[in-house]
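Open your viewer and get ready to click along.

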Amino acid sequence: MVPVAKRSLAETFPVALVYPQAGPAGMFGTSCAASAAVAARMINRRGGLMGREIELIDVDASVGALPVANHVGGLVRAGAVEAVVGWQTSDVRRALATRIERRVPYIYTALYEGGEHTDGVFLTGETPGVQLRPAMEWMRDNIGIRRWTIVGNRYVWPLDSAMKCRGYARDLGVQIVQQHFRYVGTTDFGDVIRALESGYCDGVIVLLLGEDAVHFNRAFAEAGLQNAMVRMSPLMDENMLLGSGPDATRGLFATAGYFESLNTEGARSFMRDYVDAHGPRACLPTTMGESCVEGLLLLEALVTSARSSDVAAMLANDAPLVFDGPRGTRRVEQAHAQQPIYLAEARNCDFVVIDTL
């Protein structure tokens with residue numbers, strides 16, 4: 001991370017940056033930290049928040065929902081942070097939202113299952129209705145995918161997203177023919193692969209986290225299934241492609257609000273700032289890391305518009321809330337930042353954006 005000099009609380013604006021640093025989602029951590037550092041530097045060059053420079057305080061989101069909530073809650077109660085921003089799984093979000101209790105703004109940047117309406121929680125990530133449903137429709141209409149199997153982890157986001165996919169399937173006249181859920185940290189998907197081999201489907205909706213998806217992709221390719229069906233995931237980044245290997249990415253699609261290859265002015269500007277901060281050989285920012293940029297930019301917009309870092313002032317502010325970032329101009333409605341959603345196809349270990357959904 002680009003260091004932010006330590007100053008007194010009166011001179012800095014301390015932000016808890018909560019992101020996974022170990023476990024299956026730990027592969028996203030470096031990108032989250034590096035991308036957030038770029039955003040902090042951008043905002044600080046504009047004068048910071050209320051004239052104070054952002055100071056990022058790292059918090060590991062991979063140690064469990066309750067320990068994370070206890071730690072961040074302690075920081076908030078002690079007045080050690082004035083906002084919480086970052087990418088975490090939904091179980092961590094739920095625990096944090098309860099523990100923070102509107103004391104400071106909480107900006108959640110990960111894609112999630114939808115339905116979060118806790119006061120003081122603001123969201124920049126994708127939800128199934130704008131991400132999975134249009135992708136299922138596109139794949140039905142463009143490549144004839146009508147019979148899906150869902151493979152996911154056994155926690156809030158995959159389970160709730162799968163339930164929504166069943167509803168989308170009914171609406172779209174397609175089918176969910178199988179479902180398989182495994183605990184986070186699964187490395188052996190042999191039984192799932194055998195079920196896919198014996199059951200007829202055209203495609204697999206992959207709702208697996210980080211390294212779990214990497215292990216599944218490798219097993220999928222080793223079984224030769226990429227010759228028989230496609231995969232589509234709302235949570236698949238370039239680092240996961242690298243981990244899977246080029247032989248395991250054929251027929252793999254992803255849907256998200258940002259890809260490293262996205263050729264828009266906002267995305268290009270962000271990449272210039274990213275390379276300027278970290279050099280050309282830095283880790284890829286990817287959609288998970290870049291989401292932390294969106295979170296800090298939303299925090300800047302909230303504070304600037306309300307002229308306060310107080311959650312009550314933000315909630316009482318009825319001025320239209322809009323901010324610009326790598327994903328373009330984003331309008332905030334009911335605490336959710338709206339955004340375009342893209343469909344990309346894996347080409348070896350890169351994603352190529354093929355359509356806007």
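## Stop one: a pair of helices

Select α2 and α3, which are roughly parallel to each other (an angle under 35 degrees). Helices here are DSSP runs (H or I, at least four residues) numbered from the N terminus. To find the pair, pick residues 65–77 for α2 and residues 90–100 for α3; their axes come within 9 Å and cross at roughly 30°. Axes are lines fitted to C-alpha atoms over the stretch in contact, and angles run from 0 to 180 degrees between N-to-C directions.

A word on what you are viewing: this is a predicted model, where local features need pLDDT of at least 70, side-chain atom pairs count only at pLDDT 80 or more, and totals for chains, interfaces and linings use all residues. Residues are numbered from 1 along each chain as its sequence is written, and side-chain values use heavy atoms, with hydrogens and water left out.

Contact means heavy atoms within 4.5 Å. On the α2 side, the contact includes Leu66, Val68 and Val72; on the α3 side, Val92, Ala95 and Leu96 are among the residues taking part.

## Stop two: Val293

Next, select Val293, which lies in helix α10 (residues 286–306). Is Val293 buried or exposed? Val293 is buried, with a relative accessible area of 0%; buried means under 20% with a 1.4 Å probe, counting protein chains only. Not counting residues up to four places away in sequence, Val293 touches Ser35, Ala39, Phe270 and Pro326.

## Stop three: Ser35

Follow the contact from Val293 to Ser35. Ser35 sits in helix α1 (residues 29–45) and is buried too, at 0% relative accessibility. Its side chain reaches the backbone oxygen of Ser31 at 2.8 Å. Leaving aside neighbours within four places in sequence, the contacts of Ser35 include Tyr274, Pro285 and Glu290.

Note on methods: Helices (H or I, at least four residues) and strands (E, at least two) are DSSP runs, numbered from the N terminus. Angles under 35 degrees count as roughly parallel, over 145 as roughly antiparallel, 65 to 115 as roughly perpendicular and the rest as oblique. Buried means under 20% relative accessible area, exposed over 50%, partly exposed in between (1.4 Å probe, protein chains only). A polar contact is a pair of N or O atoms within 3.5 Å; within protein, one must be able to donate a hydrogen and the other to accept it, and residues adjacent in sequence count only if both atoms are side-chain atoms.
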